[in-house]
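Here is a short report on one protein chain. Keep the sequence and the 3D view open as you read.

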Amino acid sequence: MKVLVIGGDGYCGWATALHLSNQGYDVGILDNLSRRYWDSKLGVDTLTPIAPIQKRIQRWQELTGKTIDLFVGDITDYSFLSQSLQEFEPGAIVHFGEQRSAPYSMIDREHAVFTQVNNVVGTLNILYAMKEDFPDAHLVKLGTMGEYGTPNIDIEEGYITIEHNGRKDTLPYPKQPGSFYHLSKVHDSHNIHFACKIWGLRATDLNQGVVYGVLTEETGMDEMLINRLDYDGVFGTALNRFCIQAAIGHPLTVYGKGGQTRGFLDIRDTVRCIDIAIQNPAEEGKFRVFNQFTELFSIKDLAMMVKKAGNSLGLDVEIDNLENPRVELDEHYFNAKNTKLLDLGLQPHYLSDSLLDSLLNFAEKYKGRVDKEQILPKVSWHRK
């Protein structure tokens, strides 16, 4: 099958593109390379030295004999998107091509507007392009567990059955997003659901938890294929950030009391989940939702795990509880279902001492590239 990975130069997208290529899919990457541009505007850089996308793809071909097509452009440009799809003719479209940082979306009005326009318009363009030329293609869209917020009831996978005044219906699960970025994902989900219903498209929304790790089977084959690893206060996610902080002797930055509980998964499971969704496409007219995570952790528990692992490696790891820059509950109920991908054959990589050791050693290797000025959070959700 031909699979187009939109956003294939990013953290999840690059690892996914290589994994799918290695599995025998005919892969194309479509990307406007904006993730690199945002780093340059913010004055930050990935911990790992990542090569230009063209050199990455060339090295992949040299090592494996497999080719990956490249389309450089923006999905908010409908003519470019439509032309690229017609040229590649995908059977499945994997959509990572969005601004994915909650803090980035909360910097100011300009970043909030950009995030929503970029994400919502780009996804709408994909839906229209599918309707016009590829109505039988399967859209595999990266959503986020952040769409749900932290309700005081169990989180189902996309839908909830409600009985009210003696009548019963199954409805989309209520959404309580915590940033303008997460709101853009909610808008995407509603638009995709609507497009499936009225045009008979097929789509799988993967509400992903927080991803950690850097190595997959493919990205570990050669340093030219290495994935990005973000540690800064805008794009760095919790566990990755903690491991890098531990490696350089910086206290772990826990926001508030650290009781915030979230779903987490290894990047090796991210790529496998995409593969599983492609192998088991949604039915025509069906908007299917999978919660894509493998374990639940509180932030303070993660910090304690990193402290323990770091101490065992001879690192002096401390924990700082910072004033929370976000508007969120410090302590809350959180119980989310995640059975659908497991039922389809996902065999999770659970967080273990050996994986933490690997991440810490990886961070130690590249710690000379860390800009310590970028570690603390600089973006506040609060009204000034």
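## Two loop residues

Glu-89 sits in the loop between helix H4 (78-88) and E4. Helices (H or I, at least four residues) and strands (E, at least two) are DSSP runs, numbered from the N terminus. Phi of Glu-89 is near 60 degrees, a positive value in a residue other than glycine. Most residues other than glycine have a negative phi.

Leu-33 also has a phi near 60 degrees, again positive and again not in a glycine. Its loop runs between E2 and helix H2 (34-42). Leu-33 is partly exposed, with a relative accessible area of 22%. Buried means under 20% relative accessible area, exposed over 50%, and partly exposed in between (1.4 Å probe, protein chains only).

## Basis of the model

This is a predicted model: local features need pLDDT of at least 70, side-chain atom pairs count only at pLDDT 80 or more, and totals for chains, interfaces and linings use all residues. Residues are numbered from 1 along each chain as its sequence is written, and side-chain values use heavy atoms, leaving out hydrogens and water.

## Overall fold

The protein chain has 12 helices and 14 strands. Its C-alpha atoms fill a box of roughly 65 × 55 × 40 Å, taken along the principal axes. Buried residues make up 56% of the 384 residues.

Contact means heavy atoms within 4.5 Å. Among contacts between residues at least 6 apart in sequence, 82% join residues at least 24 apart.

## Nonpolar cores

A nonpolar core is a set of buried Ala, Val, Leu, Ile, Met, Phe, Trp, Tyr and Cys residues joined through side-chain atoms within 4.5 Å. The largest one holds 35 residues; Val-3, Val-5, Leu-20, Val-94, Ile-274 and Ile-278 touch the most other members. Elements that each supply at least two residues of this core include strand E1 (2-6), helix H1 (11-22), strand E4 (92-95) and helix H9 (267-279). Another core, of 32 residues, lies apart from it, with Leu-85, Leu-201, Phe-293 and Ala-336 among them.

What does Leu-20 touch, not counting residues up to four places away in sequence? The partners are Val-3, Val-5, Tyr-25, Val-27, Val-94, Ile-274, Asp-275 and Ile-278.

## Charge

The protein chain carries 39 positive and 51 negative side chains, and the centres of the two sets lie 3 Å apart. Lys and Arg count as positive and Asp and Glu as negative; His and the chain ends are not counted. Each charge is placed at NZ of Lys, CZ of Arg, CG of Asp or CD of Glu.
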